[in-house]
Every structure is written in structure tokens, then in C-alpha cells.
Number of protein chains: 4
Amino acid sequence: MPAPHRPVEIRELSEPDLPPGGALMRTAFSEVCGTDVHLWHGRLSGVPYPIIPGHVTTGTLDAARGPMKDVLGATLREGDRLAFFDVHRTCGRCLACTVHRTPTRCPSRRVYGITDSADEGLFGGWAQKVYLEPGVIVAKLPEAVSFEAYIGGGCGLLTSVHIIDRAKISMGDTVVVQGAGAVGLSAAALARRAGAGQVIVIGAPKDRLALAVDMGADHVIDLDATTAEERLQRVRDLTGGLGGDVIIEAAGSARAFEEGVELVRNGGAYVIAGHYTNNGDSTINAHTHINRKHLDIRGCWGSEAAHFLKALRILERYEHEVPWRKIGARVYGLSQLNEALESAAKLEIPKALVDPWR
Amino acid sequence: MPAPHRPVEIRELSEPDLPPGGALMRTAFSEVCGTDVHLWHGRLSGVPYPIIPGHVTTGTLDAARGPMKDVLGATLREGDRLAFFDVHRTCGRCLACTVHRTPTRCPSRRVYGITDSADEGLFGGWAQKVYLEPGVIVAKLPEAVSFEAYIGGGCGLLTSVHIIDRAKISMGDTVVVQGAGAVGLSAAALARRAGAGQVIVIGAPKDRLALAVDMGADHVIDLDATTAEERLQRVRDLTGGLGGDVIIEAAGSARAFEEGVELVRNGGAYVIAGHYTNNGDSTINAHTHINRKHLDIRGCWGSEAAHFLKALRILERYEHEVPWRKIGARVYGLSQLNEALESAAKLEIPKALVDPWR
Amino acid sequence: MPAPHRPVEIRELSEPDLPPGGALMRTAFSEVCGTDVHLWHGRLSGVPYPIIPGHVTTGTLDAARGPMKDVLGATLREGDRLAFFDVHRTCGRCLACTVHRTPTRCPSRRVYGITDSADEGLFGGWAQKVYLEPGVIVAKLPEAVSFEAYIGGGCGLLTSVHIIDRAKISMGDTVVVQGAGAVGLSAAALARRAGAGQVIVIGAPKDRLALAVDMGADHVIDLDATTAEERLQRVRDLTGGLGGDVIIEAAGSARAFEEGVELVRNGGAYVIAGHYTNNGDSTINAHTHINRKHLDIRGCWGSEAAHFLKALRILERYEHEVPWRKIGARVYGLSQLNEALESAAKLEIPKALVDPWR
Amino acid sequence: MPAPHRPVEIRELSEPDLPPGGALMRTAFSEVCGTDVHLWHGRLSGVPYPIIPGHVTTGTLDAARGPMKDVLGATLREGDRLAFFDVHRTCGRCLACTVHRTPTRCPSRRVYGITDSADEGLFGGWAQKVYLEPGVIVAKLPEAVSFEAYIGGGCGLLTSVHIIDRAKISMGDTVVVQGAGAVGLSAAALARRAGAGQVIVIGAPKDRLALAVDMGADHVIDLDATTAEERLQRVRDLTGGLGGDVIIEAAGSARAFEEGVELVRNGGAYVIAGHYTNNGDSTINAHTHINRKHLDIRGCWGSEAAHFLKALRILERYEHEVPWRKIGARVYGLSQLNEALESAAKLEIPKALVDPWR
């Protein structure tokens, strides 16, 4: 991706000389997610174009300099199936990392495929090989986890693990998820497995809502076929008139935020996780929506190494019953990436898979 | 107070026949607080006018039917100095009280001087005697606590104890308090004693800021003499460019809320406690202010019995060093209450004391 | 139950004159649980014998004085299926109820079938009718919940809801449950539904372990066939050598407590919920087990109204997949209660159901 | 320190060749704390003797290779007064660092003066210069903080910041500190500033108790002059019969742990922080002390970077009113270290300062 609003080009780059502790991964799959569309539209600031997009990526170990272990201590050999945490260089020493305990706000933090320039090397998954610099958190993909499910979950799954961490669901809670994209679908699946009494997904189009049910939603509300008042009424009907205990915003719309503060019950919690980019201002009322509601609103930015490691365990446990692989609806080769971006931008698919060898 | 926008009248009511467990308190002081101004302006819904205002009130035990103990088990005798929790009839059984753990959202909850009609009896402190119905939480005023400090703190202190509970201050935190009224002043005093590294109060007019310093503020910012940009810059200068760790909204202004989401650092917390009434909508950005900031916003409604009981201990410990009695700037008799309401409405005083025997 | 160590007698008591708000329930089922065995053995202090045992009980509304609503506001009619919270008279006003937020430590708290004397009336479920005094928390049994499942879960389920509250399970955690009695079985079922990555139950005899698997355990360890060292090794093998993230003690054995502090990983949590009576002292090492492990140990006493209300929702959601009704293995009539106590004392059954009309 | 039970020797070591990012600090003061006595007695396992003791140390920047910034971004110049976090090489990637959020249990973690061998270089403060390897967290000492106060607080202060983090003191709580050594004294000072209603210190000898009062204790109980029963009675007398809300164990005695579970109230918290070494087993009762008390016991191991950074702010704020410098009672030169260890072992002093240039 040479620059915003420009077609993605295929370039040939040389393989790096590996430093001690460095490695090269042969890509199996990367993804085209909403962030990639934002990158393409130039909606993120400070991106060092040209970049190789593809932040969450999986594959096999191609080469390593020196003996290599994964983050849990397992020895890695060539050909082993790998995942790695796309967020790297988090410093572990600054105020954000230590005192504030918000490593996703560390100023040194970098992300493969987003904040790493192609000029620096193979730092993105839309490439046949990815450079794993020393310090990147690498984990063996558990045997029970397929490449397709790992990437189908992808960054949306990692964000969802963080969301569930922030949501503090109590058994029996009614959880309302706003949004049926990759984040919303995974959040619904996890809320269901984390003890929610009922999971309601608000979104569109219809095929995504059908997938939401497969992921674990008990009820879905079609955004295209209802008014905000009807949705509020429906949530109240399902909650004895109270509203949801926990609302998860995974829609990335300023209107969704305004709607969410209505959907939540007194004393409930509202996790804001879909506003990765600026989608405009919202108008809310500090008295009605926050103070009098005794509401908790919790922003949720990015994901931490903890969420990456937990995601692997969650996939291992639940891949057999949660169709993460269906989120990654179609597979594209390198020459089809502009087409994939177009489809993602039109919301025709929640997510595309990228197979750079196709 | 016969109705909104009407002068307060002095009426003679008969003393009640006490049921078993009921008591009568001889009023020493009640207060005129911001809520009373709201009541007078008719800005609270569902108020059963006529009412006897005065929710937080203190005095001595006048009469009790049957042996009487305070909530901690101490025997009460006639003439003992008392405080009581103005919130009563919280049910302890509904979802709000039990599952949600938000007793201040209990539908059965009633408040002396606000939701109790004068037609039902002496349920308000702007009276020479107050009826303590069975079940009201009564506590002996500790010896070290004066009537004047208890009422100077008053409802603002109770709200502030709740605020501090919600704020989860960590030692060394920079706490910014928006508002220098009765709530803001007490919140600043408590934040200072709960381990804040520095307390910054934003407010006006100048005499309240001087009182804020006496209460424990390290820095004050004059709302009348600065722009929002200047205040933001000042807070950043005092925090190494980061913003405050915890912001406490005790201003009751829609603009203050918009300003607060700027003042707070990434990963910080923002407690909304000043919007007891509807002061209009605010415009904020879900991306910039909440999601990307990984912010916690916490509404804080009313106060619980726990906060009443803690307030007594806090007064006992800190009355000698915190000038709560100065918040209750002037004392008014029953015939001067319209004048007191006028002064409070003009913000000439943070709070007035009412001595119904004067 | 006239006194400890004495046979249970069948007595005829007159129906009470109902005060306003009082009601009478026709018993469908009550239970014989471990506590009843303790009562029979005289191991609880301050019990006002004679008592009518049977604390958790369910049935239909027989008569009510005045219109009656359940705790969620639903109108109750004669014949409606009911559950009620056996803990009553919690005051909602003392330090334990308010400041400490530990209502199960309220000094006024009373429990049907345990701390209420038969001399006071029908305060226990081993009777054809149970008196529901005003203030008792009554809830309609949801349609999807059978009497058998409600009592099969019984007090063990309520305790387990409290345990899960205290356990703060994070998705993917390994949860080890010590004990396969009524509490342990329900705790395993709930841990599984609250997001545990794997649930390991340690207990005996074999038929209970089989039931534990049906309830949701992934692995069971037979207490009778293993040494403590072998059990520790097994848990380590299942956790990459680390130990369990959360250990739940539901065994009521001083040895189990000593074993649990070994089973838990560094920085893990250990919930102690099985020591309802004094089972002797334990020897642990403050350095090895607590300080160096950075361990959290959390006592868990009784259950709150919140746990009763949540239990109903949990049963509603999960009765179709969790065999709570199998915990209540056999049904006894009033004339067979001594036999039931014998069987429970010998651990032949995790719990017996009582049908006083049989 | 060549080996356990052997006299400390003075050796001359060459200055290291600094790698990029490395630096050398000219020692102003280091300390002799209880851990050094344990090292001398060989009570810690896995120590790579010979070592240069002295983990918490302060001084001035002597030399740096390349431009150097402190952890908050301030430029460091030769002669600047420094502090550094003695814990280094915490990996930030393992389960302990990420998922478990317990970085003090990271297997890669090393500590100056304890787990670093003298064979590797100047990794300890009982030396005229200390090597600061790349990655060590270095901070400018704030202007308002003296060398003497920083070392007087020393490791005990850092541990205490962690303790206060774990203790979650609520305003007005009664905090009981067991132990009047360097940890206990700092914990008492911080508990007082974090909002405790009253702080009670149990310890000996008398001069330490006098210092405890200067640090902020409201009441002291002389361990040498009282029985456990008398101490329990005294704490009950000071708490309306309930016991302390929070107990902090900073005594390092198996008996203290047994006593602490008696001193704490129902639903209270007990932080175990004094058992840095194995002081033998304790006997407690899971029913009486934990389950029925609904108690929280929280182990507290070492300190995190967050606690180091907070300690600097706390010293800055409170050095003028808390006599940390008095904890470091005497200053010893390198030739007097065996004498210092003897004094510390006999508890003649809570802590000795080391000036290696004397």
C-alpha cells in the first residue's frame, strides 16, 4: 500500500539478514479487516506509507537465527505452525506500561502492518514471508486451532478478549452487542461463553445476523429494519423493562454510541470498542445517561499480549463450536487485494483472508 | 415550600403520634443546598409538593417511643446529639439493591425534604422538629463532630464520600475537581486525604477558590479568568503533559463534562457527580475521548448508607484540619428562607445553614 | 429435630394466623443437605432446638394475606410455583450490610431451618407448609425451572453462585474444585459456564465424579485412588507446570485446605467455601504458600439475596444441559428422614429430596 | 559477600566497558536491610555468591554511553542525582508478566545485590560505583527528595507502596500493621496518607514504636510488653469490638500470621508481606479464620516498576512530614559492613545506610 487512496501494488523485497533472535515466518494467511480499509482511506494518522498491511497473520516458521522458543517455553522448529502478537516494542517501563497499567497506550508501541513502514522490512502479513524481529511475542498455534479459525477470529478476536476483560460480565447478565462485524461477532461469542444470560446482537446485513446466531447470540435485531425506538423497546422487552446489563459498542458509529447509553440499565456498564477511528461527535446527556444512571462507560483500546495469549486458549477450547472460520468469508491472493479492500469497504464481507501464495 | 416558584411559607404542623420505633428530633441545623434551589425552580420531577425542604439535618433526640439504639448499637437518650440518613425506605430486596448493588437506584427509595410530602408529616429539616420514622438510619453524632461541621459538609460531603469510593484514587494521583460548590469542596478535601499526589480545583468565584485551598487543594484555576484551552494547558503543565489521573465533575454544567474528557489522561477515570438535574446535552467524541483514551467514565448517583456512616468517621478524624463549617457560610431563620434561596441561587454562598428556632 | 443426636420426630403444628404481607407455602420439595447432618450432629452453635430443618424449599402459594407480589414485581396467585430466599431479617443498615458490604455477616440475619426455632412457627421445609413471614424474599419459579432442579441445586447452588462471584474467573482459566458434594458439583457446573478453560474436580466416590463430568468437569481426580502428591502432579501436568488459576475449596476438610495452597499457581486465587463448620486446624506456610505465591485467599460465607436471584436465572438458562436434578438423588417422605440423614452422613448421596406429603 | 556465614570482604573490581545504553552510577548511599541479613545467613535459595549486596541504591550519574534519558523522558547529565529500580530483566512477555499481571513472579526477573553475581560485574550498591545495564529503569531523583530519605525508605518503602496497592484501603478504615521494621514503618506512614481512619502498629522495641508514631501511627502496641490476647483486646477496643478492617503483616513471623487472622474483622483484608523468607509453618483454622470471616488474604511479593515510580512521587510529596531518613539510623563505610550486618541481625537498627566512599 504505497499511500492512501492508491491501489495496492505487488513489490518484490529481499529477505532480511536475520539478527540473533530474529526469525522469518512463511505466511499461511493474513487478513483484510476494517483497519485496512481505514488505512486505505487514509483515516489513521501517522502511518509511515508505504506499508505492507496485514497485522494479524499466521504461518509456519521458515528460518530462525539461533535456537528459538515460543513465549511459553516450547522449542520451535522449522515448519512449526506459528502465531505472533502484531503489537511489538511495547516498552514495559513507561508510566502507561507500569503505573497506569494501560500498555496499549505505551508511546513506543508499534503494530505490524499499521505503524511499521515497508521501508524497514517485511513488517506486514500481505507478504509471502514476515520478519519476526527479536522481542516479538511468538506462540505455537495449538494443534486444535486451524489457520482459518485463527485468522477468522484475527484482530477482532483479540479486541474481543480485551472487551470481555473490560466488560466484567456477571453470570446471567444480558449483554447487548452493537455491531455484527468481526469484532461484534467475536464479542458475542465470548460474552456467551463468559456467562451471559442472554446475548443480543444489533447489526446488519441479514447474513451477518445469521452468523451472529451461529456464534452464540440469543437474539438479533436488524439495524436496517428497525428504528432506534424499536430497538430500545425490544431490549427492554427482553430485560423486564430495565435495559441491558452490559452494552458492547463494536459498531464504530457516533449514532450507536448515542443509542447505547439508552440501551443500558441503571448501574450497568458500556464498553466502547468500535471507535478505532474518528466517526464524528456524539450528543449525550450527562444527567440522564451517566449521572442518574450511575453508569460505567469504559473505553477499550487495542489489545495486550495477555489478550493474544488468551485468544489462543479460547480458540483451542471453542473452535469446535464457534464458527470463527466463517468470519473470514473469502480468500484473496496478492493480486486480488484491491478487490478485497473494495468488498470490505462495502461491508459485503466482515473480513477477507489473504493467501499471498495464491 | 408549597409549590415551585412560590415563596416558602411558615406553617404550624402538629407533632405526630409516634409508632413503636419512631422518634422525634429537635432540629439544630438543616441546610439550603443546590438541590433546594432546584426544588424551588421545579427542576426535579415527581416531587410531591407541598414539601418541607431540608434533607440533611442534625439535632437532638426529643422523644422516642420505646428504647432506642443507634445504628452502631449505642443507646440513645433524650438530648443526645443525632444525625440521620435522609435516604430511607431503600428496600434491600430489589434487583437494584441486590444483584446490581446500586441501592441509590432502588425504586422504593425516598429522601427527606425531597420526595416526602409535607402532607405525610415532618419529613424535612426546615422545621423545628423532624419525624424519624421506624427504619430510618440514626447515628449518634461523635463527640468530636460539631453540628456546624456536620451540616457544613452536609449532603455534599455524603456525595463526596460516594465520589471517592467511585474514584479509586491511587497514591500519588493527580485529581482534578471541576466545581467549587459544596460537593466540589468536600471532594477536594477527601481526595487530598485519600492519597492524591496533587489536587487541582477548577471553579469560581475567588472566595470559593480560597476556601478550596483551605480544604486541601494544591492548585486552583479560576473559571472566570481562563479559557478552556488555558485550563487544559495548566493541567497538562502540572502533570508532565499527560492530564489528570482522576477528574471529578461536581459542576453540573454540560460544558464542564465536555471539558473534563479533555483534562483526563489516557487510561484515567472521570467521575460524573454534579449532574443531579438536567443541564442540557454535551457533545463528545467516542473515538478521541473514550475509545482511544481507554477512559473510564463513572456516573455517581446519590449516596448510600455506607457513605453516611463513613462521613461521620471522616468528620471525626479531620474536622480539626478541614474547615467544613466554613462551607455553611451563613445561618438563616425560618423567616429568612426565601432570602437564603435567593442567595444560593445566585451562588453568593456555597450553602446556607438553617436554624428553625432562630 | 428436637435436639442434636436425637431422632427426628413428626409433629403436628397449627397453621399460623397470617399477618399483612405474610403467606403460607405448600411444600413441594425441601432438601437434606450437609448442613442438616451438621445440625443433627450438633456441630453448629446457637441453634434454637427444636427446629424444623429444611432451609432451601420450594412449593406453591397456599394462602396470602393481602395482594402479593414477588421480588421482581410479578403478581402471585394461589397455586403459583414459588421459591424463597431462606436467609431473612438481614437488616440492610448495620456496618456489615452497608460499609463492609458483607450482608452474610449481618448480626440480625436468620436462616429458615437453621436459626429459627420450631417454637416460633413453620420456619423450615421439612413440613407440609412453610410460613413466609413479611419481608422474606419470594420469587416465582421461572417456567423453565422444575422443582426437582431447583432443589437439586438447592443451597449448594446458591453458595456456588456466591463462589463464582468471589472467584472472578477470567476466560480460559483452569479452575480446580476440591469436593464433589452438592457445592462442588454446582461450582464445577458454573465455573464451566463462566468461561473456565478447563475444570478439574477432585473428589470421591466414583459415582459423584461421574456426575461431576455430567455437570461440566473436564477432568476428575479420584481422592480415594490418589495421593496428594499425585494430585498435585496431575494438576501441574494439566497446566503446563504452573498449577490452577483458581482453586475452589468445597470439601470441608482441613487437609483439603493444606492441599489447595499447593495446587494454585503463583498469583492465583483460592476460594474457601466448604468450611461451614469447624473441621480442625490446618498448617500452612506464610512464605511458601501466600507471600511468595502472591496468592489471594478469599473466604466465602453463605449467600446473599443477589445469589438467590441469579440462581433462578442460571437454572432457567442451563437446566436443559446441567443435571442439577440428579444431585438430589432420592426422595424421602417425612417418616423416612432419619434414614435420609443416615445416608447423607455416610456420603451415600450428595443430597436427598424431602417430599413431606409422601 | 563471598558466601553465607562468611565475613564481607572488600575487593577491587575494574570498571566495565559500557555498551550502548549502559551507564555507571557513583554511589551516594546504599542500604543494609533485612534481606541482606538473610543473604548473609544463607536463607535465600539460588543466590549466586559471591555477590555485591545492596539492592536499593542511589547516587549520581558518573558516565553513560550515548545520550541518556530517564524513564519519564528527562535528559540525564553527568552529576545528576539518580535512583534506579533494582529489579531488572522482567520480561514483559511471559504468562506472569502478561496474563497473570504479576510481574514480580516473572521467571526472568533479576534483582541487584541479590540474584546478580559479583562475577558478572558491579551489580550491587555496596560498591563505589554501580553498573546500570541497558534496560534498567532509571529515574532522576526529584529535587525535593534527599538521598537520605530515598534510602531511608529504600526497599521497605517500595514494598509498602505495593502493600498499599494490595490493601485497597477505604477512607476511615482501621489499619493494623504487624511489625515496626523498615517495611512496617513505611506501611504505617502510607496507610495514614491513603485515608486510614486510624493506624495501629504492633512491634518492638520501644524506640521503633516511637518512630512509628512519628511516621503516622495513631496507636502502638508493644509486642514485648503484651500477650496476644491483650493485643487482640486492644484492637477490639479501638474498633468497637469488630477488629481491624485491614491488617498488614510486615513482621516475618509465623506467630504474627496466626495472630493476624484473629485481629481482622469479618469481611476484612489481610495483606501478607513480611514473609520474604521461610519462618516456619503457621496453624490456622479454615472455618473460623477464613470461611466464616469471609476474609480476604492477599500475598504481596516484591515490588513492580510502578511501585518504584510511585515511591518517588510519594517521597516528593511527603518527605517534609514523614521522617523516612530516620529509618536509616546510622551510616557505615565499606570497612564497617560486618558490624552493620551484626547490628541489623540483632534488630538494633531498622536499617543501616552504606556510604562506600567513607
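Which residues of strand β18 (residues 351–354) of chain C are buried on one side, and which on the other? That was my opening question for today's notebook.

**Entry 1: the model.** I began by noting that this is a predicted model. I looked up the scores and found ipTM 0.95 and pTM 0.96.

Entry 2: I turned to my question and found both faces of the strand covered. Lys351(C) and Leu353(C) are buried on one side, and Ala352(C) and Val354(C) are buried on the other.

**Entry 3: the neighbours of β18(C).** Next I checked which strands pair with β18(C). Strand β1 (residues 23–32) of chain C pairs with β18(C) in the antiparallel sense, over three bridges. There I noted Ala352(C) again, as the bridge partner of Val32(C). Strand β17 (residues 328–332) of chain C pairs with β18(C) in the parallel sense, over four bridges. Here I found Val354(C) standing opposite Tyr332(C).

**Entry 4: the link.** I then followed the chain from β17(C) to β18(C). Together with helix α10 (residues 337–345) of chain C, these two strands make a right-handed β-α-β unit.

**Entry 5: chains A and C.** Lastly, I looked up how chain C relates to chain A. A rotation of 180° with 0.0 Å of shift along its axis superposes chain C on chain A, with an RMSD of 0.0 Å. I wrote this down as the relation of a two-fold axis. Ala194(C) is the residue of chain C that comes closest to the rotation axis, at 2.3 Å (C-alpha). I also saw that 100% of the interface residues of chain C are interface residues in chain A too, so the copies meet through the same surface.

Conventions: Residues are numbered from 1 along each chain as its sequence is written. Chains are lettered from A and ligands numbered from 1 in the order in which they are written. This is a predicted model: local features need pLDDT of at least 70, side-chain atom pairs count only at pLDDT 80 or more; totals for chains, interfaces and linings use all residues. Side-chain values use heavy atoms; hydrogens and water are left out. Buried means under 20% relative accessible area, exposed over 50%, partly exposed in between (1.4 Å probe, protein chains only). Two strands pair if DSSP finds at least two bridges between them. A crossover is right-handed if, with the strands pointing away from the viewer, the path from the first strand over the helix to the second runs clockwise. Copies are superposed by least squares on the C-alpha atoms of residues with pLDDT of at least 70 in both. Contact means heavy atoms within 4.5 Å.
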